[in-house]
Every structure is written in C-alpha cells, then in structure tokens.
There are 2 protein chains.
Amino acid sequence: MSTIKDIAQYTGLSIATISKYINGGNVLERNRERIAEAIDALDYKVNLAARILKTRRTMIVGVLLPSLTVPFFSTICAIIEELLKKEGYSIILCSYYDDREEELEKLRFLLNQSVDGILLVPQYIGGEDINAFSELRERKTPLVLMDRSIPGCECDRVLADNSNATYDAVEQFVVNGHKRIGIIIGPPEISTAYERRVGYERVHHDYAIPVDHALIRVGDYSIGSGYSAMSDLLNMENPPTAVIGTNHEMTMGAITYAYERKMRIPGDISFIGYDEIQLTKIINPPITIVMQPIQEIAELCARILLRRMQGDDSSFPLVYRLKTNLLMHESIKRIR
Amino acid sequence: MSTIKDIAQYTGLSIATISKYINGGNVLERNRERIAEAIDALDYKVNLAARILKTRRTMIVGVLLPSLTVPFFSTICAIIEELLKKEGYSIILCSYYDDREEELEKLRFLLNQSVDGILLVPQYIGGEDINAFSELRERKTPLVLMDRSIPGCECDRVLADNSNATYDAVEQFVVNGHKRIGIIIGPPEISTAYERRVGYERVHHDYAIPVDHALIRVGDYSIGSGYSAMSDLLNMENPPTAVIGTNHEMTMGAITYAYERKMRIPGDISFIGYDEIQLTKIINPPITIVMQPIQEIAELCARILLRRMQGDDSSFPLVYRLKTNLLMHESIKRIR
DNA sequence: TTGTATGCGTTATCAA
DNA sequence: TTGATAACGCATACAA
C-alpha cells in the first residue's frame, strides 16, 4: 500500500499539502491535478487506522440487535445504514442471539472498537445487569435505544406506543362482540411485551371484561412459540373467539397453526397480527395488522444519534413514542 | 481513556514492559500483579487503532451478504461469527440489498477498512463486473466465496451440490409417476439458481420426459416471487402435478398460495421445499425438504479463510461441493 | 498556498 | 527481565 509520503515524493509536494488535498483544504489547481494523478497512479488509499488514531473518530456506528434473522430489526438496520452512509458513517453490525451475556459482551466490544455511536435494541439488560450497563455508558459514547427501553436507565430512546397499539387492536375485537380474546405475548422482561400486555389488560378493564389469564400466552417472539401458543389457545376447553399475535414471528406461527387446523380467518377464529412485512404482506385474504412505524423509528434513531455524535447534548434524554396504525381487513368476525 | 503510558507511570515500569505484559511476554510475577492492578484501577483498554497501525492486522473479517433478512444467510453468519470469535476475530457485517453496484461498493469498503479477510456471498458480480472484481482481488486480501460462485473467477469457494440436489428431489417426483413438474427457480445470473435448473433438466433428460418451459418459473428468491410463481403454475391450463421451490423464501411463498387456494399437500399438489429453517420447520404435515449443509458450509468457509489469513496459500483455489440431503416426508403423491 | 515538525498509542528491536 | 527508542501513517499548529 502506498502512503501520503509516497504521493508527496511522486508529486514533489509535502505530505501536509497532500493531507490538505485529501481533507478538502485549499490547494492550487495545478497541484490538485498532480496529486489526483499520483493518487490514481499509486492507487493510494487512506490508512484508516492512522487517521482514527489521529482524529479520535472512527466514523463507525455500532448497531447491536437481538437477532439478525428478525425482519423487523433487519429492516430497521437497512434504513439506518442507508441514512448514515449519506453522512459518511459506516455500520458495524452485531447481534447477541437473544443472549443476555452476549448482549453486554457485544456492547463492550463495540465500545472497545471505539465506535462513534451505538444504536441498541436491548433485550435482557436491566435488573442485575443494569449496573454493568451503566458502567459502560460512562464512557460517554452516544447511545440510542431502539424500539425497546431499559427500565431505570436514562437513555435517548425511540419507541412505539405499544400499549395503545394493542389497546386499539383488542378494542376492535371487543366492539365486535368478542369477550374471550387470546393474546400471544412476548417475554415480560422485554419492554415492548410488557407494554403490549398492559394495553390488552386496559381494554378489559375499560370495558369491564374480566381478564382470563389462561388466555394470555407467553411466547419468546419466535415463530415456533407463536405456533405452540396458538395451539394451546385453540385446544383450550373454552377457547378464545379472537386472538392477537404481538409480533411478526408469532403472528406467522399462529396463522400457520390455524391453517393447519383448517380453521378459517375470520370464519372460525378472529385474528389480528403485527408488522406488515414479509409474510404478513402476502397472506390472503389479508388480516388486520398492527403496523409499527418502522421507517420513522429507524430514521429518528439515526438522526438523534447523529446529533449526539456532533456533540449536541441538549434535552437529554430524548424520548419518542411513535404512534402505530391499525391496518383493517376482514379478519374480525362480528359475533352475537 | 488511559494509555500504556499511564500504566507505566502508575506502576513505575516502562511502557515496553506493559506492552509485553499485554501481549503475553515474560514479566516477573510481582510486576504482573502491579500491572494488572493498574489496568484495573485506570480502566485501561487497548487502543485498537494504534495497534492496527502498528501490526497491520485488524483481526476483523468482513462478511458481505446479499441481504440480512434471508435466514439462510443470517444462519451462516451466526455460525461464522461464533467460530471466528474463538480465534480472536471480529465480524463486520455488510449487505448489499441485492444491488449489483452496492455489492462492489461494499466490497471496496471492506477492503478499504483493511479487514484481514472477506467472506462473500456474491450475487451479480460477473459479466461486465468481473474486471472490477478482479482488480479488487489484487489487493490480496484473502477472500472466500460462500454458497455461490462467480463464473470465470478463481476463488476459494464452498458450494452446495445444487445440481444433484434438485436432481434427487425432482427424481422423487418422477419415480412417483409425475410428468408435469413445476419448478420455481431463482435468477439465472445466480450460480445456485443456474445449477438447480440444470439438475431439474437433467432428470427430464435421463427419464426421457420433455421439458415444458412453461413449467419453469423464474422468481427472485423472495417470498413474494414464490407466491406469484406458484399462482402462475397452478392457474395454468395444464398445471403441474408437482412443484419444487428452490429456496426457503420461495418455498414459503408457494405454500402460502397453495394454502390460500385450500389445496392440500400432497392431496391436490405434490411439493418439495428447500432449507429446513424457520417456517419450513413448523409446517405440518411436514413437507419433503432439500436440506443444505448450512453448518458445514459456514464452518468450512471460516476455516479456509483462517488458513489463508495465516498465510497458507496452498492448493489455491480450494473448491468444495457439499452434498445436500433430501428430508423425506409425505408431500409427494404417487400417481397412476 | 505550502512546508516543517510534532504527536496520536502501540509494537518491536536492541541494549542493558 | 526490563527499558529506551524508533517506527506505523496521518492530521494539524504554526511558520514561511
């Protein structure tokens, strides 16, 4: 690899001038040409390690996700990468495979790689881990939480209005006469799952319908868990007349089970799903879907992080609650 | 952040000794203790930029994939990350969103970041792009192709035996009496798609069954394209009695369409799918699946790359063709 | 506008 | 075993 020094020798200019050229300083036009030619001829590439060592900025943003295989997250990731690239940042992507130790370890790793900022979808951090996390935060690398929050932790964060999302959805079941409404919910330690459950219970309270805890099935946001939760629900002695799946994966698992049982939606069971991406897009007849503002979540996170990385610490912590939308389709039967 | 210099001052030793300690050299036990204590007290972390600048090794492997949302690739990625981490390497993950320009650009980016090695699942490279690619290869950063090859390019590569995979699968249809067999295939410029098609046609040749090109539907390896391809096939005047989907996504799309049409497998249509991951795992009754050796592909790629990064250039280029397995289930009807 | 000189934090050589 | 010192390639303050 050639260096600035080589370019300097080739052109007869000094390394300072070459550096200035590279970083957009003032250089005489005829020198610009000579430098450009030299760079081309010698196939010069900036040595990033040296630049980083000098500037203290890596121009890299770390993105840490629970899993790579979840389309909701990979979609977010794609949007972020696109946007940050325009600002000159690269992405280093990590996932912790839904493992709590891995989550902290990867966070340490990213901090250690000296990324300029971090975008995190947290999973298990909280409780005992909160101290370790706070310690990591002390390095003052800007960090924005995406989609999920960490209880008891002050961070910029962009969240969906999960509680009202399930409220509005479950309410549709209620106004259509349903009283036994099943919900397939995520692990309680994940904030979105907790909040979605709250919305579900709030509807019951507001409409004076008793909550039957047997109708609340806890999955782990995976396809398989949605499948078995649906199986559990439909095989109850007194099964629900309506079910809501609270993420894309569990929605798919639940529908797969219903189809296998040759049950029609909404003929045999009313259903509302989550996240209009991938498979939920092509299901036909279409089902009612809670649509999260993925694009907005991703963009906002990226913009907040950019702002923090530029040293703007105002209004910390920023908290956004983005509204969801209920995409209505004929998947809810009117009963009674 | 504290530096080696700080540790040196804290302990009264020289920076050379501290460096030796960090890199596992010989240091007196009582000094080791003092250094360890200092590192802990000052929360010292190695500055990677400085280390990289000095050692010329980043200990980072670039992984470049067509897409993040394809479970086949993200599964591979997970295995690789796991394995390489044990050897001290980190992963920087990139995807090019099925875009040919993005593919080359991201490749340049990775090379520029001076990763120590690259694992690439290529898509559109080849044809006109082959020159640009060859140029990039000249930097001599080790690179291993995963799952797909690039025509006319000498690279280490690990591939599945795609041709025999579809041959064996389609042959099952044939020996069960099927003569009109539909195939949902990927884009012809992707090597796996091309090879899978060859296997399909070879069965027809070997059993003297004429190939009806209307039964060969080209998708783009996406769920939606599998869905519409299946729709096209089943709505033909003279539809196939059996269909094979040649990746996980198109398999899911095809089955979704069949379910919607209330068609039973194998009652109304015989079917073979691809890749036993995610949804194909929970489909019930289970369908016959072409299982690719994902674990082996990923491991082998990682090991070859490790070997190349250690400077072992023997037997270049290494080419592996891994056998697939046909996981038989009752999704093929015996006719006539 | 251009050049000189310094330092970023680490590793590695060579003497002590 | 330890220490002094010279790179690594770049950016930048300051002088010219």
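Student: How do the residues of the surface near DNA strand D divide into nonpolar, polar and charged?
Tutor: The model is a predicted one. Around DNA strand D there are 27 residues, and A:Thr3, A:Asn47, B:Ser14, B:Ala16 and B:Leu28 come nearest. Helices H2 (15–22) and H4 (48–55) of chain A, and likewise H2 (15–22) and H4 (48–55) of chain B, each give two or more residues to this surface. By class, the surface near DNA strand D has five charged, nine polar and 13 nonpolar residues.

Student: What distance separates the centres of domain 1 and domain 2 of chain A?
Tutor: Chain A is divided into domain 1 (4–52), domain 2 (58–160 + 294–322) and domain 3 (162–292). Taken over C-alpha atoms, the centres of domain 1 and domain 2 of chain A are separated by 36 Å.

Student: Against which elements do the buried residues of H10(B) pack?
Tutor: The buried residues of H10(B) are B:Ile223, B:Ser225, B:Gly226, B:Tyr227, B:Ala229, B:Met230 and B:Leu233. They pack against strands E6 (181–185), E7 (216–218) and E8 (242–245) and helix H11 (248–260) of chain B, together with helix H12 (279–282) of chain A.

Student: How many residues does each chain bring to the contact between chain B and chain A?
Tutor: The contact takes 33 residues from chain A and, from chain B, 33 residues.

Notes:
Residues are numbered from 1 along each chain as its sequence is written. Chains are lettered from A and ligands numbered from 1 in the order in which they are written. This is a predicted model: local features need pLDDT of at least 70, side-chain atom pairs count only at pLDDT 80 or more; totals for chains, interfaces and linings use all residues. A residue is near a molecule or strand if its C-beta atom, placed from the backbone, lies within 6 Å of it. Helices (H or I, at least four residues) and strands (E, at least two) are DSSP runs, numbered from the N terminus. Ala, Val, Leu, Ile, Met, Phe, Trp, Tyr, Cys and Pro count as nonpolar, Asp, Glu, Lys and Arg as charged, and the others, Gly among them, as polar. Domain bounds come from an automatic or database domain assignment. A residue is buried if 20 or more other C-beta atoms lie within 10 Å of its own, exposed if 12 or fewer, and partly exposed in between; C-beta atoms are placed from the backbone. Two residues are in contact if their C-beta atoms, placed from the backbone, lie within 7 Å.
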